[in-house]
Amino acid sequence: MDAAKSVTPGAVSLIQANPSPKSDADAPELVVQVVDLKCLGNSTTRFTFMASDGTAKIKAMLPTDFAKEVQAGNLLNLGLIRILDYTCNEIQSRGKCLLITKCEIVAQVLDAEIKGDVKMEEGSTPKDDAKMEEEPATKDDVKMEEEPVIVLKPKNEAVVVAKPPVPPVMLKPKQDVKSASQIVSEQRGNAAPAARLAMTRRVHPLISLNPYQGNWVIKVRVTNKGNLRTYRNARGEGCVFNVELTDQDGTQIQATMFNEAAKKFYPIFEMGKVYYISKGSLRIANKQFKTVQNDYEMTLNESAVVEEAEGEAFIPQVQYNFVKIDQLGSYVNSRELVDLVGVVQSVSPTLSVRRKIDNETIPKRDIVVADDTGKTVTVSLWNDLATTTGQELLDMTDSSPVIAIKSLKVSDFQGVSLSTISRSTLVINPDMPEAQELRSWYDSEGKGTSLAPIGADMGGARAGGLKSLYSDRVFLSHITNDPTMGQDKPVFFSLYAFISHIKPDQTMWYRACKSCNKKVTEAITGSGYWCEGCQKNADECSLRYIMVVKVSDPTGEAWISVFNDHAERIIGCSADELDRIKKEEGDDNYMIKLKEATWVPHLFRVSVAQHEYNNERRQRITVRTQSPVDYAAESKYLLEEIANLTAS
């Protein structure tokens, strides 16, 4: 039997004896059988199994980039894999777990699970043969020679019964092919002392890191660097900044530094440079603030080690997480960024926009993009993407190029629109399956299809009147009866409801900067107000609503959050005016003003999401669009609903 089709004897013991090889050369190439292969929870990219060497087993996890092999059926339960790189961690309350970071398929599947001692076959190295000859035969050896050895083969091969005597076999590298360890050893020998030191490090892929892991070293490139920002809270003042790090496989993670660590590492990290980083910590990423696709986020304190990999550079593979245009509505005004692949329909000339914060003029260009959902969306390109890449797209408009854009912000301008940010990237006619499928669709049918803008279905009055307020119409009970709604990401609905109560003693507004509308605090020194966003003091501020109101419909009631613009239309005056009424005209007039706003019907477009309060997850309903009832439009909607019911 081919040695490559058997497991490595004692593989599990070897792994446990060397749980974290210091370098790739120290990681032995081991063949194990995949037993009890299954996906981890609801994940489609993480698969776990029991790694078996015939006598022992250990819990193991395949690398995420290997999931496509499992999904394609190239590796099945009871198959064989060769482990090329790994880390074995002790996970709390779960024992040891083998995290495989690099492997290859040896056999798709065997007839049955390998059990018992794995016998050696012909093909041992001379050293092993000599060792066997020097050792005296034992009773067990004689027994092994007397009984035939049954060897498991892949399903497409016959079962072979070997006749005694059968000499032992050990796995060896393929002929005329250098192993990874040999290549690395040769490189070390030829490298300078400083480079040799870097090469001896055990570099971990970002995908293999988890909060339970101990010592690790990563080699990453800085693909985005934030500003050093100051903050002020109840515990005092501080500073913070973060970077986005990408490894050679394209996996990203966000690293955050506070106070002294921020001051220490801010001048060290430079955009585009490669670094070795160790002694950091990981935790579950906060979905509300994360900017990259990773379940974890990294924190670096003063004791962390950050060293520039001088003379080393690599271009990380860009990994996309594409969102279809008709699914963009759920990302509106959220912090989560999206990636988009689409066919360019039109490109506008370059415009100059004056920024409010610093009065600086910046270039902007709008492009309209479509995909195979039959929808289009407007994407605003800014700065260099507007002038350089945008001009290139303008010259290619007639050929309808396919583009892939990474890191886009989704806003409710014109219903739904996209905008690039500083770290956005745009590739024209990328070489990827999604782009090829889209090109095939557009050439065959998309070009002649009537395409509709997504904003026409999702927006408020600015994007096609009140149409969105009549889509996805539900009763309040549909939301309140499902406390887990919005757990993964916000969901959107339309409501027809009455405002039944407004708490008069709630905190109904906050002090806001007149320039950026962000919250201000009283200046510590002198008079006025300090704005964290503008980083300056101001003599005056304005009040902006942030309130909750109770709404009711025939099926129930619920508390919903309302912000300034919508609250002004509900109350009938600004927060500054309501504050003046309360202070100058007294509480009675203040209460009358609030009561005037109750038992008035409204049309609402709301988002439903989950948030944590006192370690308890709660449902939050937030108004995104509000409008008074247009009774003519409402009657038309009801007649259409009645017609649909009678037709069905």
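How many aromatic pairs does the structure hold? I started my notebook with that one, and the count came to 6 aromatic pairs. A reminder to myself before going on: this is a predicted model.

**Entry: rings**

I looked up Phe 269 and Tyr 275 and found their ring centres 5.3 Å apart. Their planes make an angle of 65 degrees, so I noted the pair as edge-to-face. Both Phe 269 and Tyr 275 turned out to be buried. Ring pairs also bring in Phe 265, which forms a cluster with Phe 269 and Tyr 275.

Next I took Trp 441 and Tyr 442. Here the centres are 6.1 Å apart and the planes stand at 55 degrees, so this pair goes down as tilted. I then checked how accessible each partner is. Trp 441 has a relative accessible area of 11% and is buried. Tyr 442 is buried too, at 6% relative accessibility.

**Entry: charges over rings**

Which residue lies over the face of Tyr 266? I found Lys 225 there, at 4.1 Å from the ring centre. A second case is Lys 582, whose charged end sits over the ring of Tyr 590, 4.9 Å from the centre.

**Entry: a buried asparagine**

I placed Asn 224 in strand 8, which runs over residues 217–225. Is Asn 224 buried or exposed? Its relative accessible area is 9%, so I wrote down buried. Leaving out residues up to four places away in sequence, I listed what Asn 224 touches: Asn 242, Val 243, Glu 244, Met 271, Ser 422 and Arg 423.

**Entry: nonpolar cores**

I turned to the largest nonpolar core, which has 33 residues. The members that touch the most others are Ile 479, Ile 502, Tyr 545, Met 547, Ile 571, Leu 578 and Phe 604. A handy bit of background: nonpolar side chains tend to be buried together in soluble globular proteins.

**Entry: helix 12**

Ile 571, one of the core residues above, sent me to helix 12, residues 564–571. I noted its buried residues as Asn 564, His 566, Ala 567, Ile 570 and Ile 571. They lie on the same side of helix 12, because the arc they cover around the axis is only 160 degrees. After helix 12 comes Gly 572, with a positive phi near 95 degrees.

**Entry: helix 1**

Ala 17 sits in helix 1, residues 11–17. With 66% relative accessibility, Ala 17 counts as exposed. I also checked Ala 17 against Cys 88: the two are 71 residues apart in sequence, and their C-alpha atoms are 9.8 Å apart in space.

**Entry: confidence**

Last, I looked up pLDDT. The mean for the protein is 80, and 80% of its residues reach 70 or more. Where does pLDDT stay under 50? I found residues 191–200, a stretch with 12 contacts in the model beyond four places in sequence. Residues 457–467 are below 50 as well, and that stretch has 23 contacts beyond near neighbours in sequence.

Key: Residues are numbered from 1 along each chain as its sequence is written. Side-chain values use heavy atoms; hydrogens and water are left out. A nonpolar core is a set of buried Ala, Val, Leu, Ile, Met, Phe, Trp, Tyr and Cys residues joined through side-chain atoms within 4.5 Å. Buried means under 20% relative accessible area, exposed over 50%, partly exposed in between (1.4 Å probe, protein chains only). pLDDT is the predictor's confidence in each residue, from 0 to 100. Contact means heavy atoms within 4.5 Å. Helices (H or I, at least four residues) and strands (E, at least two) are DSSP runs, numbered from the N terminus. The arc is that of the directions from the helix axis to the C-beta atoms. Rings of Phe, Tyr and Trp (its six-membered ring) pair if their centres lie within 6.5 Å; planes under 30 degrees apart count as stacked, over 60 as edge-to-face and the rest as tilted. A charge sits over a ring if NZ of Lys or CZ of Arg is within 6 Å of the ring centre and within 35 degrees of the ring normal.
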